[in-house]
Amino acid sequence: MSQSQEVQMGVSDARANLTEVIAKVRLLGQRVVFTRRDKPQAVLVSPEFYERAKAALGESAAPPEQQQTG
């Protein structure tokens, strides 16, 4: 796979084209930064990118609010 590309997209545009956005992320490895009024709101990445990022950070699969503390 070639180098991933990061794309910015308005939340409204993403909502209207969600199937296509997901396909580009999954098949092309694009990272999509969702924006509202030109401010980043969230990022959509492929499952492979997400797993690599979690491994690099040493994080478990559960979100922080679901992780048990000792």
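This is a predicted model: local features need pLDDT of at least 70, side-chain atom pairs count only at pLDDT 80 or more; totals for chains, interfaces and linings use all residues.
**Entry 1: Q8.** I then looked up where Q8 sits, and it belongs to strand 1, which covers residues 6–10. Leaving aside neighbours within four places in sequence, I found Q8 in contact with V33 and T35. I also checked Q8 against V32: the two are 24 residues apart in sequence, yet their C-alpha atoms lie 5.7 Å apart in space.

**Entry 2: T35.** I turned next to one of the contacts of Q8, namely T35, and located T35 in strand 2. Is T35 buried or exposed? I recorded it as buried, because its relative accessibility is 11% and the cut-off for buried is under 20%. When I set aside the neighbours within four places in sequence, the contacts of T35 were Q8, M9, G10, V11, P40 and Q41.

**Entry 3: strands 1 and 2.** I wanted to know how these two strands run relative to each other, and I found that strand 1 and strand 2 pair in the parallel sense over 5 bridges. As one example of a partner, I noted that E6 is bridged to R31 in strand 2. For my own background I wrote down that strands of a sheet pair through backbone hydrogen bonds, either parallel or antiparallel.

**Entry 4: strands 2 and 3.** Strand 2 and strand 3 form a hairpin with 2 residues between them, and in the turn I noted R37, whose phi is positive at about 55 degrees. How many of the 6 residues of strand 3 are buried? The count is 0, so that strand 3, residues 39–44, is hardly covered, given that buried means under 20% relative accessible area.

Entry 5: Putting the strands together, I described an open sheet of 3 strands in the order 1-2-3, with mixed pairing. Strand 1 and strand 3 are the edge strands, each of them pairing on one side only. From one strand to the next, the twist averages 30 degrees.

**Entry 6: the whole chain.** Last, I stepped back to the protein chain, whose secondary structure comes to 3 helices and 3 strands, and I read its elements from the N terminus on as β-α-α-β-β-α. Of the 70 residues in the chain, 17% are buried. The chain exposes about 5,800 Å², and carbon and sulfur atoms supply 51% of that area. Among contacts with a separation of 6 or more, I noted that 39% are between residues 24 or more positions apart.

Methods: Residues are numbered from 1 along each chain as its sequence is written. Side-chain values use heavy atoms; hydrogens and water are left out. Helices (H or I, at least four residues) and strands (E, at least two) are DSSP runs, numbered from the N terminus. Contact means heavy atoms within 4.5 Å. Buried means under 20% relative accessible area, exposed over 50%, partly exposed in between (1.4 Å probe, protein chains only). Accessible areas come from the Shrake-Rupley method with a 1.4 Å probe; for residues, only the protein chains shown count as cover. Two strands pair if DSSP finds at least two bridges between them. Axes are lines fitted to C-alpha atoms, for helices over the stretch in contact, and angles run from 0 to 180 degrees between N-to-C directions.
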